[in-house]
Amino acid sequence: MEILGLSNLSLVALVLFFTLNLAPMMFESFTSDRIWASNPPESFYMFLGQYGQRTAHYWRVISPLALITFIVSFVTNWNVPGRKAWLTAAFVCYLAVQISTMAYFVPEQERLISSAGALSREVLQSRANRWIFLNYFRIAAGVLAYVFLMSAVLLPGGASRVHP
């Protein structure tokens, strides 16, 4: 039984990069997101100025690595019974998270911060609250993707199967 087969190693790499994507997203959701959304526009200062919080450089590296390892895992596990279905389910959830992040979460946060002076405190708070509420669905999709990935990992890999 060879555990270090390419199909298994690609899944290990995928779980690593996916975890490096999901864990900080969850951390931000339960820490800094609650702070910036707590009392706009004053709470937006955590992003402003020379020392404001900036995480885009991290996501520009980690997200593509997760995507690449998804693709490699699809290729190396395509013929492993059961794994294709779990990987597909995980990838659909991952895409939902990534697309919603790029289409709504990042732009909306940036719009709120940049237009803080032009919007009333009530409008800012309402939109920040909506952002936080919708983010729970994004987190749920990310966790569900992780569960699907772990289901793929727990299936016997192609390299561990014995062929006569």
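**A tour of the aromatic rings**

Begin by selecting Lys 84 and Trp 78, where the charged end of Lys 84 sits over the ring of Trp 78, at 4.2 Å from the centre of that ring. As you look, keep in mind that this is a predicted model.

Next, select Arg 138 together with Phe 105, where you will find another charge placed over a ring: the charged end of Arg 138 sits over the ring of Phe 105, 4.2 Å from its centre.

Select Tyr 58 and Trp 59, whose rings form an edge-to-face pair, with 5.1 Å from centre to centre and 85° between the planes. If you show the surface here, note that Tyr 58 is partly exposed, since its relative accessible area is 28%.

The next stop is Phe 70 with Tyr 94, whose ring centres are 5.1 Å apart and whose planes meet at 40°, so this pair is tilted. Colour the helices and you will see that Phe 70 belongs to helix α3 (residues 56–77) while Tyr 94 belongs to helix α4 (residues 83–114), so the pair ties together parts that lie 24 residues apart in sequence.

Terms used:
Residues are numbered from 1 along each chain as its sequence is written. This is a predicted model: local features need pLDDT of at least 70, side-chain atom pairs count only at pLDDT 80 or more; totals for chains, interfaces and linings use all residues. Side-chain values use heavy atoms; hydrogens and water are left out. Rings of Phe, Tyr and Trp (its six-membered ring) pair if their centres lie within 6.5 Å; planes under 30 degrees apart count as stacked, over 60 as edge-to-face and the rest as tilted. Buried means under 20% relative accessible area, exposed over 50%, partly exposed in between (1.4 Å probe, protein chains only). Helices (H or I, at least four residues) and strands (E, at least two) are DSSP runs, numbered from the N terminus. A charge sits over a ring if NZ of Lys or CZ of Arg is within 6 Å of the ring centre and within 35 degrees of the ring normal.
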